[in-house]
Amino acid sequence: MKLKYLVLLSLVICLVFYVLLSSTSFSNFLTNQVFKYKDRPWAPKAHYLIAMYTYRVNNYQQAVNLFEMIQREYPQSEYVLPCKLKIAQTYDNMEQTGKAKGLYIALNTEYPNTPEGEAARQRLKVLELPY
């Protein structure tokens, strides 16, 4: 009986977080809280995780804003290239193919020997674009 209630409680908590993270205002709240500590070594990862959750709940425009902010605020971070790829994928999901293609081409050209460059190259093949 207790296990049933724990499972139900877990599902309710997951649902609440899903709703909260899909909310732009909650995402902004989290971003602002982390931004207060932007000089801390964990800040780029925290912002990246917020951006990824925002992306996963299909709040695409907010996700693009967060990925761009990470590139701007943490230009030496290990998250810059993943952010570039995620922005391209986000535009792809938003059916803004022109923007996505341009970003995939730039990734493929500027970072050909990286996982992000390879992912861009693979997506360009699917889109049947010369690269």
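Pro115 is placed in helix 7 (residues 115-126), helices being DSSP runs of H or I of at least four residues, numbered from the N terminus. With a relative accessibility of 65%, Pro115 counts as exposed (over 50% relative accessible area; buried is under 20% and partly exposed in between, with a 1.4 Å probe and protein chains only). The model is a predicted one, in which local features need pLDDT of at least 70 and side-chain atom pairs count only at pLDDT 80 or more, while totals for chains, interfaces and linings use all residues. Residues are numbered from 1 along each chain as its sequence is written, and side-chain values use heavy atoms, with hydrogens and water left out.

The structure holds 3 salt bridges, each defined by a side-chain nitrogen of Lys or Arg within 4 Å of a carboxyl oxygen of Asp or Glu. In one of them, the side chains of Glu73 and Lys38 meet at 2.8 Å, N to O; because Glu73 lies in helix 4 (residues 60-73) and Lys38 in the loop between helix 2 (24-35) and helix 3 (43-56), the pair ties together parts that are 35 residues apart in sequence. Glu73 is partly exposed at 27% relative accessible area, and Lys38 is partly exposed at 32%.

A salt bridge at 2.6 Å, N to O, also joins the side chains of Arg123 and Asp92, and since Arg123 belongs to helix 7 and Asp92 to helix 5, parts that are 31 residues apart in sequence are tied together. Arg123 is partly exposed at 28% relative accessibility, whereas Asp92 is buried at 13%.

Key. Helices (H or I, at least four residues) and strands (E, at least two) are DSSP runs, numbered from the N terminus.
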